[in-house]
Amino acid sequence: MLKSADGGLRPVPFPVDDPERIPVKRYYDPEFYQAELDHLWPHVWQMACREEQIPEVGDWIEYENVGKSVIVVRTSTGIKAFNNACRHRGVPFAGGSPLGSSHATAHGNCAKSGFVCPFHGWRWNMDGENTLVYGKHLFSERQMDEDDINLIPCRAEVYGGCVWINHDADAPSVRESLGPVAERLEAHNLHKLRAEWCYGTVLPANWKIAMEAFMEGYHVMQTHPQLQHAVPTMYDSMYAMADNPDRHPMMADPALSLEENIAAQIKNMELLSEGMAGMLHEKEVAIAKSLQHATQGLPEDKGQAMMMWLGMVMHQVSAQLKERGEPIPDLIAVAQSDPVNAVEFLFPHYFLLPYFSSMSAYRIRPLGPESCFFEIWSLTFFPEGEEPEPVMEPIVLPFDSQDFPPIPRQDYSNIPIQQKGLHASGFEFMRLSGRVEGLISNYQRIIDGYLAGVPGEKLAAANNKLGGNFDGRIEDLGF
């Protein structure tokens with residue numbers, strides 16, 4: 001274990017001393033996992049639930065992670081959260097099934113009945129105020145102070161259509177932690193998206209291994225070969241753009257005609273929609289297909305023509321879905337004013353994957369040093385008043401189930417065997433590309449900052465650098 005040169009900081013087990021090399025014991029060693037439980041998760045903003053899951057006053061839902069249960073409730077004065085333990089002898093007053101033993105998400109409404117401990121019947125209202133102690137006269141007076149018997153609050157903030165909780169009352173806010181990407185995503189009306197469905201699975205892998213599969217596109221060519229059909233040199237184009245920012249990532253294949261390039265791009269959209277659902281919604285693909293032959297007036301240069309055609313699709317997606325009553329922004333305007341990446345990572349465990357207007361979302365929670373629970377949402381817009389019933393819990397499947405969408409199914413085929421490979425004799429480090437796998441290094445070193453006890457303001461400033469860092473470079477984090 002090493003101690004920070006800053007002095008006064010905690011030693012970090014298996015620290016990232018070389019930003020291009022991640023020690024593999026961080027992915028399975030019990031000491032490192034315990035350090036995360038002690039010093040990371042108590043101080044970070046965790047995506048606890050979708051706001052639509054608690055639409056009415058009194059609606060509550062349980063969020064559980066690393067053995068800590070929190071009840072999120074909508075009150076008459078806003079959304080609040082409470083640590084899920086009776087002030088008498090610690091029994092959960094709502095829900096209480098550990099994540100991993102039961103994947104059903106506990107939820108209900110407490111507007112009339114309040115919260116009632118199932119053990120001795122102590123009661124609280126939705127604001128966490130105690131309303132009944134059975135046999136109150138049996139307890140000494142000092143045991144019945146309000147601070148002793150009211151529920152223990154947990155910090156909660158609303159951002160992006162979700163409720164986020166933090167066990168650290170002094171941590172910078174969600175927006176301060178996320179930085180500019182928070183406003184960029186909000187410009188895309190992130191807060192107005194609604195869930196169509198949610199899948200979940202237990203992966204036999206460390207939570208960080210599961211996340212890192214979605215922090216770079218370097219794996220696409222081998223893991224998702226169907227996504228190479230639209231533009232055969234898609235990933236090479238990414239490198240070219242990194243060297244020349246004026247080049248557009250939507251490159252045309254010079255060997256194909258314009259019509260063939262458009263057909264290939266539509267095929268790629270169909271595969272993304274089939275593979276990821278929310279990331280590219282079928283209603284958006286249908287609009288693109290309606291413009292397949294709209295080539296009149298496009299430039300002779302195929303690359304420019306493809307860019308203009310994509311602009312036409314974005315305009316029509318905006319116009320047609322807005323006409324249906326969906327709260328969609330002007331996609332061309334926000335792409336210019338508030339650009340976002342194909343994957344945006346919101347530290348420490350939440351991802352958003354946008355394309356046009358809809359998005360996919362991922363949340364990963366650790367179950368142990370080599371196990372995690374992985375959830376996938378499909379998010380899209382609905383006309384006001386036509387939103388579906390909230391999706392209250394995931395459809396839980398085995399990680400190798402053929403019922404998963406194709407793209408995550410392909411990723412899930414790699415993640416468990418990668419975890420096994422980490423135990424191979426002589427394998428000591430993940431070896432990262434500093435050009436396109438920088439996000440992995442950056443977030444891992446932020447974890448080290450939490451484990452070492454770096455001040456929250458410095459950690460928030462470093463966290464800000466993760467926005468837009470997908471397929472990005474290693475950053476100087478400032479600590």
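Predicted model: local features only at pLDDT ≥ 70, side-chain atom pairs only at ≥ 80, totals over all residues.
Residues are numbered from 1 along each chain as its sequence is written, and side-chain values use heavy atoms, with hydrogens and water left out.

**The chain as a whole**

- The protein chain contains 14 helices and 18 strands; these are DSSP runs numbered from the N terminus, with helices being H or I of at least four residues and strands being E of at least two.
- The C-alpha trace of the protein chain spans about 85 × 55 × 40 Å along its principal axes.
- Of the 479 residues in the protein chain, 52% are buried. Buried means under 20% relative accessible area, exposed means over 50%, and partly exposed lies in between (1.4 Å probe, protein chains only).
- Among contacts in the protein chain between residues at least 6 apart in sequence, 68% join residues at least 24 apart; contact means heavy atoms within 4.5 Å.

**Packing of helices**

- Two packed helices are described by the angle between their axes and the distance between the axes. Axes are lines fitted to C-alpha atoms, for helices over the stretch in contact, and angles run from 0 to 180 degrees between N-to-C directions.
- Helix α9 (residues 282–290) packs with helix α10 (residues 302–323) at an angle of about 125°, and their axes are 9 Å apart.
- The residues that meet are Lys 283, Glu 284, Ile 287 and Ala 288 in α9, and Trp 309, Val 313, Gln 316, Val 317, Gln 320 and Leu 321 in α10. By class, six residues of this contact of α9 with α10 are nonpolar, two are polar and two are charged. In this scheme Ala, Val, Leu, Ile, Met, Phe, Trp, Tyr, Cys and Pro count as nonpolar, Asp, Glu, Lys and Arg as charged, and the others, Gly among them, as polar.
- Helix α8 (residues 258–276) packs with α9 at an angle of about 170°, with axes 10 Å apart; α8 and α9 are therefore roughly antiparallel to each other.
- Ile 266, Met 269, Glu 270 and Ser 273 of α8 make this contact with Glu 282, Val 285, Ala 288 and Lys 289 of α9. The contact of α8 with α9 has four nonpolar, one polar and three charged residues.

**Buried residues and their surroundings**

- Val 343 lies in the loop between α11 (331–337) and β13 (344–346), and Val 343 is buried at a relative accessible area of 9%. Not counting residues up to four places away in sequence, Val 343 touches Phe 214, Phe 351, Leu 352, Leu 353, Pro 354 and Phe 470.
- Lys 208 belongs to helix α5 (residues 207–212) and counts as buried at 0% relative accessibility. The residues that Lys 208 touches include Arg 26, Glu 36 and Tyr 443.
- Tyr 159 lies in strand β10 (residues 153–159) and is buried, with a relative accessible area of 3%. Tyr 159 and Val 174 are 15 residues apart in sequence and 7.5 Å apart in space, C-alpha to C-alpha.

**Backbone features**

- Most residues other than glycine have a negative phi, and most peptide bonds are trans.
- Phe 347 and Pro 348 are joined by a cis peptide bond, with omega about 10°. Pro 348 is placed in the loop between β13 and β14 (350–354).
- Phe 14, found in the segment before β1 (21–23), has a positive phi near 50°. Phe 14 counts as partly exposed at 24% relative accessibility.
- Asp 471, found in the segment after α14 (456–464), has a positive phi near 55°. Asp 471 counts as buried at 14% relative accessibility.

How values were computed:
Parallel < 35°, antiparallel > 145°, perpendicular 65-115°, else oblique.
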